[in-house]
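These are my notebook entries on one structure. I record what I looked up, entry by entry.

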Amino acid sequence: MTDVFGGIAMGMGAALDPVNLLYCFCGVLLGTLVGVLPGLGPVATVAMLMPFSLTLEPTSSIIMLAGIYYGAQYGGSTTAILVNIPGEASSVVTAIDGYKMAQQGRAGAALGIAAIGSFFAGCVSTMVIAVCSPLLAQVALTFRAQEYFSLMVLGVVTAVVLAHGSLLNALCMVVLGLLLGLVGTDVNSGVERFTLGGVPELADGISFVAVTMGLFGIAEVAANLASPEHRTLRVDKVGRILPTCHELAMSVGAILRGTALGSVLGVLPGGGALLASFSAYSLEKKVARAPTHFGEGDIRGVAAPESANNAGAQTSFIPLLTLGIPGGPVMAVILGALMVQGITPGPQVMTERPELFWGLIASMWVGNLMLVVLNLPLIGLWIRLLKVPYRALFPAILVFCCIGGYAVSTSTFEVWSLALFAVLGYGFKKLDCEPAPLVLGFVLGPLIEEHFRRSMRLSDGDPTVFLTMPLSLAFLVGAVGLMVMVLVPQIGAVRQAAMQEA
Amino acid sequence: MSTTLQRVTGTREFWAGALFTVLGLVFLVYSGQYRIGTAERMGPAFVPGALSGLLVVLGLASAARGWSPKATPLDLGPLRPLAVIVLAVVLFAALLMPLGLVVATAVLVLVSTLAGESFKVRDALLLAAGLTALAAGVFVWGLGVAAPLWPALFDSLLSSGATSSSAVP
């Protein structure tokens, strides 16, 4: 425990450093700014804004990226409440009651409770990270290749199970992602694989910025233009921003439950904010005291999922920081950014780069405070931004994607890849294949292969090594269990119903 | 017979499966170039070979769902927005190095405005000018992205070093 406090003190020192404070502020502001734009979720936002952070030193860089992430998350909720277009899956449930509240002229209260809930959840989950990460990192230090391999398999399977639409398509997407991740130099033999006859830019692999921006950014723009939605902005009356005492009292339970649920679910590989907000909403519907009017503007229907998704967004850093394994596509992008900086996330980061680790944790507190301070007065600005017509907005998105993609490695090859992945992404969209599993597979591909090969080498080619180690066995059993749960018809139907509810 | 085939090839399931099968085959054939090795000493082809084989099997299973009566018809939607946007991105990629960021960005914006609802020429030009200035300001001056601002020709004529190609991040 004393370590934790020492760490937090050190982290506060790093986070309150004026330069880092500035980048935290920039991250939160930019993240919210882009996150507010309809159709741009946190993955696209983080990928699009990543080039801004790469020129910074690593601590400032990850602080800024984290700020962008929760800014984007919050911005997405703002859009969900005001225009009923959730920028991302995790604010889908917020839109249900939030938009109804906006229609009733209570947009202010919905936005206010979202901010308050998020802030509270952020504070609690940051504490969870501070306490749990060192413990988990201790365990992680005992991990060998088998455990890493099995854990990553579990992560990939979770991503498949949680994907919308067909399970088979999600499986295909993961496998394709793993394969795309293997493009480039094979670290064991030095052979360049799938580099299309030795294209030098492919030696380091396909750029994940091109993949994410293509799939989530440009393909999204094309799809939005192909089926223009008529946005109806409900901002005639935002109403008072601070919720009334009655509303606040009603929401306390929802915020607490949402925070607890979100903190736990965020840690799960493949889980994160999405699973958290869905479960929090359904839990709230079950346990909330009457009178309930969920679906018709119940403030608890905003408070619970918003607290949960922010808590989940924060705690989803735990697997990345302690194990080096990204739980979802956003963490995959952040992992990529850290690797560009020459930092391989894992249990060793805490001991080798304590200022980075604790600085990030402390900056989450600071960043969450900024979110509240920034967002409540700036709601007017976000509303004005939402009034900008999409036809003026999408060229700006394209400009950012193209120049950002180029800037990551100063090569136009990335822009060509971007165009290719945009076409693929559009196809996936129309073929009902969700891109998130592909991105996770893409980032984990080289790691999974490496740990698989290492385990097999150490076991002299005996594949039972994954089953004889208790922890590794537990992860694999978990993965199989998840698959079975989805494949068994009754439970599969429940999954369908849960997805339908959104 | 032909009607069944028409129905099947008009489904989302069939095309998703076909896409994965083809991509799997490409990776499978490509993996053939590398050494497979043994389970204890895997060569570069071992893991990708196994994965691409798996992708082919899964892809075929996915395509088979196209025969199910519950299959969904494929609707690609209007393809013009995608085509125009991809063209704009490709033009940007092709023009950035020879003509510089200003021209490439302006072309990107102008071409992309053809993708959506009709733009007034004046609005499109204004948007292009604004976004180009923003891009140059933010990325080249602000972030020090190493990109030529103007055509290489200008550069050699003026040789004033006005292009900002500052340090690579």
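Entry 1. I began with A:Gly177, which counts as buried because it has 26 C-beta neighbours inside 10 Å. (A residue is buried if 20 or more other C-beta atoms, placed from the backbone, lie within 10 Å of its own, exposed if 12 or fewer, and partly exposed in between.) A:Gly177 lies in helix 8 of chain A, residues 167-182; helices here are DSSP runs of H or I with at least four residues, numbered from the N terminus. I then looked up its partners beyond four places in sequence, and among them are A:Pro437, A:Val439 and A:Gly445. (Two residues are in contact if their C-beta atoms, placed from the backbone, lie within 7 Å.) A:Gly177 and A:Val439 are 262 residues apart along the chain, yet 6.1 Å separates their C-alpha atoms.

Entry 2. I noted the conventions. The model is predicted: local features need pLDDT of at least 70, side-chain atom pairs count only at pLDDT 80 or more, and totals for chains, interfaces and linings use all residues. Residues are numbered from 1 along each chain as its sequence is written, while chains are lettered from A and ligands numbered from 1 in the order in which they are written.

Entry 3. I checked confidence. The model scores ipTM 0.87 and pTM 0.85. For chain B the mean pLDDT (the predictor's confidence in each residue, from 0 to 100) is 85, and 89% of its residues reach 70 or more. Over residues 160-169 of chain B, pLDDT stays under 50. Where pLDDT is low, the predicted coordinates should not be read in detail.

Entry 4. I turned to helix 21 of chain A, residues 470-487. In this helix A:Ser472, A:Phe475, A:Leu476 and A:Ala479 are buried. They lie on the same side of helix 21 of chain A because they cover an arc of only 95° around the axis, the arc being that of the directions from the helix axis to the C-beta atoms. The face turned away from the buried side carries the exposed residues A:Pro470, A:Gly481 and A:Val484. Helix 7 and helix 20 of chain A are included in what covers the buried residues.

Entry 5. Which residues join the two chains? I found 61 residues of chain B in contact with 55 residues of chain A. Helix 4 of chain B gives the most to the side of chain B that touches chain A, with 15 residues.

Terms used:
Helices (H or I, at least four residues) and strands (E, at least two) are DSSP runs, numbered from the N terminus.
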